[in-house]
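Subject: Structure handover

Hello,

The structure we talked about is below, and my notes on it follow. Please read them next to the coordinates.

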Amino acid sequence: MHSFFGKQLPVAVAFFSGVLMIITFFSGDQTVADFSQEQLVWVTIVGGFSLLLGVASITRVSLSDVRKRRKGWPYKAVLLIFLVASSLGAIIEGTERGTLYDWLFQNMNAPMMSTMFSLLAFYIASAAYRAFRARTVEATILLITATIVMLGRVPLGELIYGKLPEITDWIMNYPNLSVQRGIIIGAALGAASMSLRIILGIERTYLGRQ
Amino acid sequence: MLTRIADVLARIDRRIIYLLISISVIIPTLVIFPLPVQVSPETQKLYDRVEAIPDSSMILLTFDYYPSTLAETEPMSVAVLKQCWRKNLKVVTLSTVGLGGPSIADRVMSTLADKFGKVYGIDYVNLGYKANYQAVLLGLGKSIRSIYPTDYYDTPLDSLPMMKNVDTYDAFDFIFIVSDNGIVDNWVGLVNAQFGSEMGAGVTAVMAPKFYAYVRSNQLVGLLGGMKGAAEYEYLVGEKGAATAGMGAQSLVHLTIIIFILIGNFAYFAGRKKK
């Protein structure tokens, strides 16, 4: 019974869902289209529940850390306080402007996330100074290209040399693009083969066990 | 002498680097100096396409970004909205990013709506967020109502005048994606490829190189890359905003990083010569 719910049923659902999407794509039949649309609605609902599962999981782990005073527990406590505050605020008042949820988001979450992201500039500068060396021909080409693009993508570059933006556009549209196309095509082929493996039940790691 | 200089340059304390980067950001932010903005062909194409949309038509504008990239992405949304509302386009927004997307859309749109005298439900609608973006993008192509029975404020779509005859991508003359993540791939792969919707994108600078491929294959009409792309769009729209103001800081930070790369390489080669 456990094997049925843990292995066979999920593989059957994946097979059915995958095949349905393929049939919908190639078939113009309205009944199939309606059925597949219903399935897409289900997927968004299941997605909502998976978010809930994520909240439950982080609450359980954080609560345990706070109770046992594990390393970094004050951070987990702050996380729990704001998780409860924003959730309750959203449930009671909603998420529109002027609500507690919105206030927490606009005045705490957004500035903190922006701050974290902006720290990258400092780390990039330090790392580039220490590690970006023209040791080989390849590294030299990369270094020269990066310098041109970095200058060409800001107005100062144009002041230094008027043709820099054009050179940057050329780098983006030719050498960069050819490589990106290769990556995109490779990734798409990989995604297609992985999807096929999941639909056929060959790939089962998404079930969370061997 | 040269090797001594190289030794000193090879051991610059990281705090000095951090300090110089801080100064490079703070000074141009406080003292704004005018810099030329050369518009790239990708930005120009995108602007021209939105400009060519007949007045009073409908456009789908996405807020697919997290608060962490607001400095790059929000100016794009603001500039596009200004262009759209100057042309009296009706704007529908949605977000595939749960954390922040709909709240940012709510703030940006309501702030600009006051300025342009636009009314919610008549001139613009915020659909909000739904989980599992791939299913959402596919589902919207067949029935918007089945995926979003209500908008961000829980108002049924049928009670919003603007949404009366809107139920698939066909209702939109153009889709403008503003994103800081790989969702653009899905917009192109699922919506452009399967439903034929015309679209363009504004993305962060680190993501832009990837999407040039879609512009060249005409799957994207045009592309805005990072804060520079946003500044170019602001220039075309004719209203300088946060991105234009940020060009000074970005220019100086880029220059500082390049100088440090050159210093690092000089120290490396001078040190190697000594050995």
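Asn218(B) is exposed, with a relative accessible area of 65%; buried here means under 20% relative accessible area, exposed over 50% and partly exposed in between, with a 1.4 Å probe and protein chains only. Asn218(B) sits in the loop between α9 (208–216) and β6 (223–225) of chain B. Helices (H or I, at least four residues) and strands (E, at least two) are DSSP runs, numbered from the N terminus. The phi of Asn218(B) is near 65°, a positive value in a residue other than glycine. Asn132(B), also not a glycine, has a positive phi of about 65°. Asn132(B) belongs to the loop between β3 (124–129) and α6 (133–142) of chain B, and is partly exposed, at 34% relative accessible area. As background, most residues other than glycine have a negative phi.

On provenance: this is a predicted model, in which local features need pLDDT of at least 70 and side-chain atom pairs count only at pLDDT 80 or more, while totals for chains, interfaces and linings use all residues. Residues are numbered from 1 along each chain as its sequence is written, chains are lettered from A and ligands numbered from 1 in the order in which they are written, and side-chain values use heavy atoms, with hydrogens and water left out.

Chain B overall

Chain B has 11 helices and 6 strands. Its C-alpha trace spans about 80 × 35 × 30 Å along the principal axes. Of the 275 residues in chain B, 60% are buried. Among the contacts in chain B with a separation of 6 or more, 74% are between residues 24 or more positions apart; a contact means heavy atoms within 4.5 Å.

Two places in chain B may be worth a look. Ser24(B) is in helix α2 (residues 14–30) of chain B and is buried, at 6% relative accessible area. The side chain of Ser24(B) makes a polar contact with the side chain of Thr256(B) at 2.9 Å. A polar contact is a pair of N or O atoms within 3.5 Å; within protein, one must be able to donate a hydrogen and the other to accept it, and residues adjacent in sequence count only if both atoms are side-chain atoms. Leaving aside neighbours within four places in sequence, Ser24(B) is in contact with Ala249(B), Leu252(B), Val253(B) and Thr256(B).

Val39(B) lies in the loop between α2 and α3 (41–51) of chain B. With neighbours within four places in sequence set aside, Val39(B) is in contact with Gln44(B), Glu232(B), Tyr235(B) and Leu236(B). The C-alpha atoms of Val39(B) and Met163(B) are 35 Å apart, and the two residues are separated by 124 residues along the chain.

Aromatic residues

A search of the whole structure gives 19 aromatic pairs over all chains. Rings of Phe, Tyr and Trp (its six-membered ring) pair if their centres lie within 6.5 Å; planes under 30 degrees apart count as stacked, over 60 as edge-to-face and the rest as tilted. Phe63(B) and Tyr65(B) form a tilted pair, with 5.8 Å centre to centre and 35° between the planes. Phe63(B) is buried at 0% relative accessible area, and Tyr65(B) counts as buried at 0%. One aromatic cluster is formed by Trp85(B), Phe116(B), Tyr120(B), Tyr124(B), Tyr152(B) and Tyr153(B).

The interface of chains A and B

60 residues of chain A are in contact with 68 residues of chain B. The two chains bury about 5,700 Å² between them, 65% of it on carbon and sulfur atoms; buried area is the accessible area (1.4 Å probe) that two parts lose on being put together, summed over both. Across this interface the rule finds 24 residue pairs in polar contact, both at pLDDT 80 or more. On the side of chain A that touches chain B, the elements giving two or more residues are α1 (2–26), α2 (30–67), α4 (100–131), α5 (137–152), α6 (155–160) and α7 (164–199) of chain A. The largest share of that side, 17 residues, comes from α4(A).

One residue of chain B to check here is Gln250(B), found in helix α11 (residues 242–274) of chain B. Gln250(B) counts as buried, at 18% relative accessibility. Beyond its neighbours within four places in sequence, Gln250(B) is in contact with Val154(A), Met227(B) and Lys228(B).

Regards
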